[in-house]
Amino acid sequence: MSSSKLTKIMNDDKEFLFQNYGERLPVSFVKGDGSYLYDQDNKKYVDFLSGIAVSALGYSHPAYQKALHGQIDKIIHSSNLFFNQEQIETARLISETSFPGKSLFVNSGTEANEAAIKLARRYGLGIHRKKYKIVTFTGSFHGRTFGSMSATAQDKIHGGFGPIVPGFIYAPYNNRKAIRKILKNDKHIAAVMLELIQGESGINVADADFVREIFETCNQKGILTIVDEVQTGIGRTGTTYVHQHFNVTPDILTLAKGLGGGVPIGAIHAKNFLAEHLPYGTHGTTFGGNHLACAAASAVLNEVKKKQFVNAVDASSTYIFDRLKKIKQKTGYIKSLRGMGLHIGVEIAEEGKHLVKEALEDKLVINCTAGNVIRIMPPLNINMKTLEEGMDIFEKLILKNGELYENTSNKL
Ligand SMILES: Cc1ncc(COP(=O)(O)O)c(C=O)c1O
């Protein structure tokens, strides 16, 4: 039953906003605390979504809030025309936690990938003359602006927009042979761009051999590697960046989501030799890396870089996977478990949209992607008590739906 407050919000949404997000879930969050969210009627929910891998430190984190309040009291924005110490500090922290290099700040994941694509093409054309193509993979998701949308190898994302940006080659994900062939035969490839765990298409983890093949071949042939860590970066998988799990270092790393902990910011971080290929006049943004966004990002990175922080992510991950494995043993409704750290996918036997709604009624926030993969991505610092509370709700939900599903399937 929706409250009168919610009914008004729903009506106003229809009147004043584009309806491009389809049917929104019937709740409007007004407050957060720890890993709990509170709705318009002050009802409390366990957050297993983090605003789609954004609220890395949950809500009301003391150091994060202090950094933001402090920055708001000083200055929010000046311009990229001026030096910016908060920006320098965030870039330094990214270098410290990933690999030595230089950063360029933007405002979102799609913009980060857009910048990476421009850098790769300008480098490929400038240094090697005819290299401009970028290989991406089936099932990828890189964003919604024209370059990133074109990099995204999914027809449904391109539909209705006319010609997309040329120069992308779509290769099958996790297919070693296919990528070997493409990289061997095409002399015009500037870069290979990939997610090491595909988030939007169902938490598909890359095979170690496939990743090794790409990095070895690219290094041999002077082809750049771009790892899109918009979703997997900033501690989400139990290391600061997912490429560290795979023991590879990309030439270009793209970040957003968790980087600002909720304040919009994106970044590319590239090895030093690349930075000169986006000289003055080639790229920029008014807001990118402003004082407030970088104060937020530095506060997040200062927490995430602590050993005990990622250790806690590992402990929470182990707890969730243990519980999920036990639930899976009780029901055939769960088809597979995927992911790393707190970037978890639960593949179920049917479309999962209705489970998201039912979970919300039970005061748990989850998400479903790729039709039948329930995503569990709580704040990275979720405590055991909240985790247990969320998993109890999730277990009941899965077992109830599993039973219903089996009964219906048996009758057919
Ligand atoms: C891997 C990846 N890249 C890029 C994006 C686009 O980021 P944004 O929505 O901030 O533009 C997303 C968003 O889900 C993503 O998961």
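In the predicted model, the domain assignment divides the protein into domain 1, which comprises residues 4-61 together with 308-411, and domain 2, which comprises residues 75-304. The centres of the two domains, taken over C-alpha atoms, are 27 Å apart. Their contact involves 28 residues from domain 1 and 28 residues from domain 2.

Between them, domain 1 and domain 2 bury about 2,100 Å², and carbon and sulfur atoms account for 62% of this area. On the side of domain 1, Val54, Met340 and His343 contribute 29% of the area buried against domain 2, more than any other three residues.

The ligand is surrounded by 13 residues, of which Gly109, Thr110, Phe141, Asp228 and Gln231 are the closest. By class, this shell contains seven polar, four charged and two nonpolar residues. Helix H5, which spans residues 109-128, provides the largest share of the shell, with three residues.

In the case of Gln231, the side chain is involved: one of its N or O atoms is 2.8 Å from an oxygen atom of the ligand. On its own, the ligand has 390 Å² of accessible area, and the protein covers 81% of that area.

Terms used
Residues numbered from 1 in each chain as written. Predicted model: local features only at pLDDT ≥ 70, side-chain atom pairs only at ≥ 80, totals over all residues. Heavy atoms only, no water. Near = heavy atom within 4 Å. Polar contact = N/O pair within 3.5 Å; in protein donor to acceptor, adjacent residues only side chain to side chain. Areas by Shrake-Rupley, 256 points an atom, 1.4 Å probe, with all protein chains shown as cover. Helix = DSSP H or I, 4+ residues; strand = E, 2+ residues; numbered from the N terminus. Nonpolar A, V, L, I, M, F, W, Y, C, P; charged D, E, K, R; others polar. Domains from an automatic or database assignment. Contact = heavy atoms within 4.5 Å. Buried area = accessible area lost by both parts, 1.4 Å probe.
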